[in-house]
Amino acid sequence: MPPTIGTALIDHSLRVSAASAEFAGLLGIPAEQLPGLDARSLLPAARPDLVTLLAAALAGGEPILDIVVETPPADGRRWLLSLHPLRSQAGVTLGVDLTLQPYDGRPASEPARADPHQAGGPFRAIFEQADIGIVLARPSGELVAANPGFCAIVGYEPEELRQLRLRDLAHPDDRNLDSDQLARLRLNEHAPTVEQRYIRKDGGVVWVRLTRSLVRGPGGETPFELTLVQHISDYKHAAELARQAAGRNERLQALSAALSRALTPEAVASVVIQIGLDALGATAGTVMQIDPDGATLSVLAVSGLDEAVRQRWAKFPLALATPLSDAARRGEPVWLENLAARARIYPHLARETPYTQERAWAALPLALNQHVLGALGLVFDRSCDFDAEERAFLSTVAALCAQALERARLTAAERAALAAADEALALLDTVIDSAPIGLAFLDLDFRYRRINTTLARINGLPAAEHIGRRAVELHPQIAPLWERYWQQVIETGEPIIGLELDGLALGISTYVLVDYYPVRGAGGELLGVGIIVQDISGRKAAEQERLQLLERERAAREAEEAARARAEEAVRLRDAFLSVAAHELKTPLTALIGQAQLLRRRLSQAGTLEEANERSIAIVVDQAQRLNQLINDLLDGARLDSGQLLVTRSPLDLGRLLRRVVDEQRQGLVRHSIDVEIGGEPLIVAGDNTRLEQVLQNLLSNAVKYSPNGGSILVRAYAAGGCAVLSVRDQGIGIDPEAIPRLFERFYRAPSAERAGVGGVGVGLYVVREIVRQHGGTIDVESANSAGSIFTVTLPLAS
Ligand code: ADP
C-alpha cells in the first residue's frame, strides 16, 4: 500500500491556490473548501508556526524539509511536512509547494541504524552494485574510495581516481558550485544537493547531482565526506525540455516540481495521474510498470476506475493486446479517439466491456533512453481528437514520469547506501573495539580520547577510566617514559614504530610491541598521538625459554669439552711418563744385557762356565731382551700417539726378510715348529726394513706365545692382485669372535689371553697395524676358538 502524500500549492498571500484530494483527506477539510483558504487554518494545533515557515520559504527560495507534524488531525499517525518554493523560468518564486508524507519516527536525514553485526554484507553489495556513484573522501578532498557506479559516471579506473580530488573532475565553470555545500556541511548544517557538470576522462561532459554528508567517526570527529553522485544528464536534458514545455504550460512545471519530490514509484505514479486528470479533464488514469520478469505489467497507481475494473487490470501479460501493453511493447503511444476506434482495433475488449456512453483512451509508453519502464493510461468520458498539443503534452508528462520513476528508484538506493555507510561505521567501531591489538588516541595533552578494550586490558584499567585522563595520572611510574616518545612524535611529526616495552612498571608481566604515530586533522594540523600496542608476552616467553635451552646446551657442551681436555691431558701425562720411564729403563737394561754377555764370555774363556751357570746367564739375557722388547713396544705406542712413528721406505724383498726373521725366531724354540712357504718370484715391496721386521717378529712371537701347548706355525708369503700377502697361522688358543673387532686397539687384550694366563700389555698389534697402514697395506685376523688364529698382512708390491 503506497503511502498517501498530500500536496498543496500556497501563494504569496499565504492562501491555498490548489490542493490534491489526498491533502484534503489528510486534513479532513472538504476539497472544495481548500482553494483560497488561509494557510493559518491548515494545521493550527500541530504547527502554529506554519505561516512563519511558509513566509521563510517564499522569501529565502530554499526548501524547508522534513518538519515533523506531531498531532495529525485525521488518522492518528505522524507526518513530515516539507515546503518547496516553486520558481518560474525566470527564477521568480511563484509560491510554495507544501507536502505531507507519512513519518515512521526517524528523522529523514538520519537513516536507521541497523544491528552492526549484520552490516558488512549489505553495505559492500550496495557500494559495489549501486546504480549511483558513491565516493568517500577526506575533508582535504583526497578520494578514499569510489564505487564502480562512480567510475562508470566519470570513466576513470579506481586507481586513477585515487590520485584525484572530486573537485578536479568539475567542469571549469562549475568548480565552485559546491563550495557553499561544503561550507554548510562543515558547519554541521543541512547541505542542499548541488547539480553541476563533471568532465569525464574521455573529455565528455556529464551532469551530476551531488548529495553530501559527513561520515562521523565514533568520537564525533569528522574524518570523511560521503558524496552520492547521481548521473542526471538524461534528467537534465528532459528537465530542459520540460522547462520549455512549462513555458507553454505552467502545469508541466508544477508536475516537474511535484515529481521531483515524489520519493517512491507509487508517489510518482499518483502525481502523474493527478496532473493528467486535471490538465486534460480525464476521468480515470493508471500507471503500470513492467515487472522484473519482463513479461507482465503491474499497476503502480490508479484513479477513477471502479473496483471491478481495477482488479481485472491490476496485472496482466505484456503480450496481451491492450492499449497499455501495446504502448509499452512498441514504445509508441496508442490513441483511441472513440468507442468505434476501440471496437476496430481491440474488438475483444469491446466485447468484454461494451460501453454505451462515448469514451476515448490514451496509452503512452514510459520510456527512458529507449528503455520502456511501463505505460501511462488515461480514460476520457467523451470522444477526443487528441490534437498535436495534447499529444505533445501527454508525451512530456510520460517522459517526466519515466524519469521520476527512475529517480525514485535511485533515491531508494541512495538512502540504502547512506544507511549502510552508517552501519559500516558502527561495524568498524565494534571491530576496532574487539580487535586483538590495542588501539588508542591521545590528544596533545596526552589525555586518552579513545581506547579500545584490548589496550585497556593491557593497561590494567577499564576503558572508561582512561577517557579524558592524562596517562601520567593513571600510570605515574611509567608514563613519563611514554611521554618522552609521544613528545618526540609531536615534535618531529614522524611515527615511532616497533618499540618493545616492558609492562612490569604497570604491575603486569606484559611485554608489548608499540607503534606511536601522529594523528592529523583535515587541515594537516596535529591532533594528537595514535597508539598501536601488541601483546608479545607469549613470544617473549618463548624467546626466554629458547635462550635458557641454548644456555643449558652450551654449559653441557663446555662440561663435555673440559672432561675431554682433562682426559687428553691425563693421556698425555701418561704417555710422557711412559716415554720417560721407558728411556730410563732402557739404559740399565742395556748395561744388564751387556754385562751378562760379558760374564758369559769371561767365564767361557776362563773355562769355568758350568752348564748350570750358562743356563742361568742365558735366562738373564733372554728375560732382559723380552723386557727390552716390551719397553720398545711401549715406546712405539707413545711415539705413534704423538705422530713420531715414522717409516722410511725403500725396495726390499719380503721373502728374504721373512726367512731371516723366522730363522732368528726358531732358535730356542722347543715345543714349536715354524714352516715357511714362499711363492716363486721375489716379493719386492717399498718398505721400512726395521719396521717390517718388527711386524713379522711381533706376529711370530704372538703365534708362539698364544700357543702355550706348542704346535706348528705356518708362515706363507705370495703375490696376489698386485699385493704381497703374508700370513701367520698358529694352532693356539684362538680369539673370541667378540674380541676380534677390538684386537688392534691400544692396551686391548682378548679375554682368551687372560684365561690362558698369557702375559702382555696389548700394544704390539696396535703398533703393527699402524706400521702396515703407513705402508699402504692392511691387516686382518681370523680365528675359530681353540683352533688357532691366522693373521694376514697385505702390502702393495713395488711396481
Ligand atoms: P700382547 O700380546 O702384549 O697382549 P698384542 O697387541 O700383541 O699384545 O696382542 C693383543 C692381544 O691379541 C693379545 O692380548 C691377545 O689376546 C690377542 N692375540 C694376539 N695374537 C694372538 C694369537 N696369535 N693368538 C691368540 N690371540 C692373540
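Gly762 puts a backbone N or O atom 3.2 Å from an oxygen atom of the ligand. I count that as a polar contact, meaning a pair of N or O atoms within 3.5 Å; within protein, one must be able to donate a hydrogen and the other to accept it, and residues adjacent in sequence count only if both atoms are side-chain atoms. The protein covers 97% of the 530 Å² of accessible area that the ligand has on its own. Those areas come from the Shrake-Rupley method with a 1.4 Å probe, and for residues only the protein chains shown count as cover.

Before going on, the ground rules. This is a predicted model, where local features need pLDDT of at least 70 and side-chain atom pairs count only at pLDDT 80 or more, while totals for chains, interfaces and linings use all residues. Residues are numbered from 1 along each chain as its sequence is written, and side-chain values use heavy atoms, with hydrogens and water left out.

Which side chains reach its polar atoms? Lys705 has a polar side-chain atom 2.9 Å from an oxygen atom of the ligand. In the side chain of Asp730, an N or O atom is 2.9 Å from a nitrogen atom of the ligand. The elements that give two or more residues to the shell are helix H22 (689–705), helix H24 (764–774) and strand E28 (789–796). H22 has the largest share, with 3 residues. Helices (H or I, at least four residues) and strands (E, at least two) are DSSP runs, numbered from the N terminus.

How many residues surround the ligand? There are 20, and the closest are Asn702, Tyr706, Asp730, Arg749 and Leu765. To be near, a residue must have one of its heavy atoms within 4 Å of the molecule or strand. The shell divides into 11 nonpolar, 6 polar and 3 charged residues. Here Ala, Val, Leu, Ile, Met, Phe, Trp, Tyr, Cys and Pro count as nonpolar, Asp, Glu, Lys and Arg as charged, and the others, Gly among them, as polar.

Strand E28 also belongs to an open sheet of 5 strands, in the order E23-E25-E26-E28-E27, with mixed pairing. Two strands pair if DSSP finds at least two bridges between them. At the edges are strand E23 (672–678) and strand E27 (778–783), each pairing on one side only. On average, neighbouring strands of this sheet are turned by 15° against each other, direction ignored. E23 runs parallel to strand E25 (residues 711–720), joined by 7 bridges. Ala717 in E25 stands opposite Ile678.

Next, another sheet. Strand E12 (residues 296–303) pairs with E13 over 3 bridges, in the antiparallel sense. Thr296 has Pro317 of E13 as its bridge partner.

Which helices lie across these strands? Axes are lines fitted to C-alpha atoms, for helices over the stretch in contact, and angles run from 0 to 180 degrees between N-to-C directions.

Trp313 sits in the loop between helix H10 (307–312) and E13. Leaving aside neighbours within four places in sequence, Trp313 is in contact (heavy atoms within 4.5 Å) with Met288, Leu320, Thr322, Leu349 and Glu352.

Last, a hairpin. Strand E20 (residues 511–520) and strand E21 pair in the antiparallel sense over 9 bridges. Val514 has Val533 of E21 as its bridge partner. There are 5 residues between the strands of this hairpin, and Gly524 takes a positive phi near 90°.
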